[in-house]
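Student: I would like a close look at one part of this protein. Please keep it brisk.

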Amino acid sequence: GAGLSHHVRLTIQIANRINAVSYEDIKAGKDGKGAQYQRLSSTIHSIDKLVGRDDCQQAFSGVLALDETESVASEFLQSTIKNEAKTLNAVRQACEKSSLTLAMDAHAGLKTLALLNAAGVPDDDILLITTGYQSLIGYRALIFTETDNNKTPVKTNFLGSILDDLAANLKVIVTSLSKNALDELERLVKSKFGNVISYIKVTSDTSSNSESRGLNADNYHVYQLVMLSPSLSTGASFDRDNADKSYCIVINARDTGTPYDALQAMLRDRKVKNGEINIYYQDLSQSLSNEHKMALEWSAREEHINQFVSTLSEPDKQRFAATRPHLDETINLLRVVATEDAAAKQEFLSILEAELTAKGAEVIHCEPSQLNNDTLTPKERKEAKQAAKAEELQAISNAPRLTDAERAYLTDVRESPEKEDLVELYGLDDTTKKKAALTRHQIERETTIDLSTLPPKD
């Protein structure tokens, strides 16, 4: 069989659970248990490299398990998939080869159905199996809604309550749909406690380092504070050494997730000791497109694509079709995902409340005064932000000048769109610059480039 998902951590879990070989091992030439792989796991980003391989055919002829299908569908809207039609066609081929396809998600909905349809599975061949398991029976979900989105007074008390719990030597888990919120919390923790608090923060900036990748139920007890962004919204469950308190920062904005993402995030610790989930909610959705506008946007995109194709010569049309198979089905999937996400964000809080209630939690809307905050003031938050900005500017000022060889490597953009974006954003092709516009750490964080490993000739 083959297990597929959208996140590397999930595919590692799948590999461990079914004794499968991961795509990384296959790519590295590790042949598992023989010439033919019996079981394999991969992200959908790499499936097109596996589905046609002779040594993977036995795995794909068995059961195909698509895990977290709602997130898998949403992944097609992310920049991590460069050719949506090609990737979706590989999923289609995997479904056709398999004896049975399992599409698994705790909140399977229209995005899952659209993904299966786009992969060539008709409605009549789909059997829906649901479970009434209520994972939050006995829990209270305490929601603190921001009253002033410009000054965020409730957020100050919310963050202060976290700091108070840490000062009382309680173990705390904080999940967030916003990386910036966790960055701010980290600054405040450092400012208040120095190096006294043992903590880990997993965001897009840190998710690739060894400590973040290694976070699991076995070492969860090491940290007094665990901060998780959507980089770890799935693929990790902590079922022992549980936290004393749980907090979730939910900001409904353009670059944050849906209520289902928030629900996934706050369930990482399976049994918080005090039986409460403290939820901060800030609604910044006024400028977001609703599902009707999003549907019109995708109709316009489809029309533009069709107009472009009509201008191509016949040989180019054939090449276009070959590199983007089943394009109509792909566009329809993208349209459904975009409109479903837009609709969910317009009704964010009501959906979140309904899902929490369905899982057995008691939902309570609380006054800000119910938060215990004897630690943090708005002035301190502002000062911490200013100090962090000054530190960043100082780091840039002290950054060594890029060598001519490094600049030449970074500006050679022939095979690297990410470098091209970097050059344009920071003006790295301007040889009159005396210093780098950003530190080496920032360069390596923005790209996959590790300057320290470049051979001398580069």
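Student: At what angle do helix α11 and helix α13 pack, and how far apart are their axes?

Tutor: Keep in mind that this is a predicted model. Start with the two helices. Helix α11 covers residues 291-310, and helix α13 covers residues 327-346. They pack at an angle of about 160 degrees. Their axes lie 8 Å apart. Angles over 145 degrees count as roughly antiparallel, so α11 and α13 are roughly antiparallel to each other. Their crossing is right-handed.

Now see which residues make the contact. From α11 come Glu 291, Met 294, Ala 295, Trp 298, Ser 299, Glu 302 and Ile 305. From α13 come Leu 327, Asp 328, Ile 331, Leu 334, Arg 335, Ala 338, Thr 339, Ala 342 and Ala 343. Sort them by class: the contact of α11 with α13 has 10 nonpolar, two polar and four charged residues.

Most residues other than glycine have a negative phi. Asn 169 has a positive phi, near 65 degrees, and is not a glycine. Find Asn 169 in the loop between α7 (153-167) and β7 (172-176). Its relative accessibility is 60%, so Asn 169 counts as exposed.

Asp 241 also has a positive phi, of about 50 degrees, without being a glycine. Look for Asp 241 in the loop between β9 (225-228) and β10 (245-252). Asp 241 has 39% relative accessibility, so it counts as partly exposed.

Conventions. Residues numbered from 1 in each chain as written. Predicted model: local features only at pLDDT ≥ 70, side-chain atom pairs only at ≥ 80, totals over all residues. Heavy atoms only, no water. Helix = DSSP H or I, 4+ residues; strand = E, 2+ residues; numbered from the N terminus. Buried < 20%, exposed > 50% of the residue type's maximum accessible area, 1.4 Å probe, protein only. Axes fitted to C-alpha atoms, helices over the stretch in contact; angles between N-to-C directions. Parallel < 35°, antiparallel > 145°, perpendicular 65-115°, else oblique. Left-handed = near helix turned anticlockwise from the far one by under 90°. Contact = heavy atoms within 4.5 Å. Nonpolar A, V, L, I, M, F, W, Y, C, P; charged D, E, K, R; others polar.
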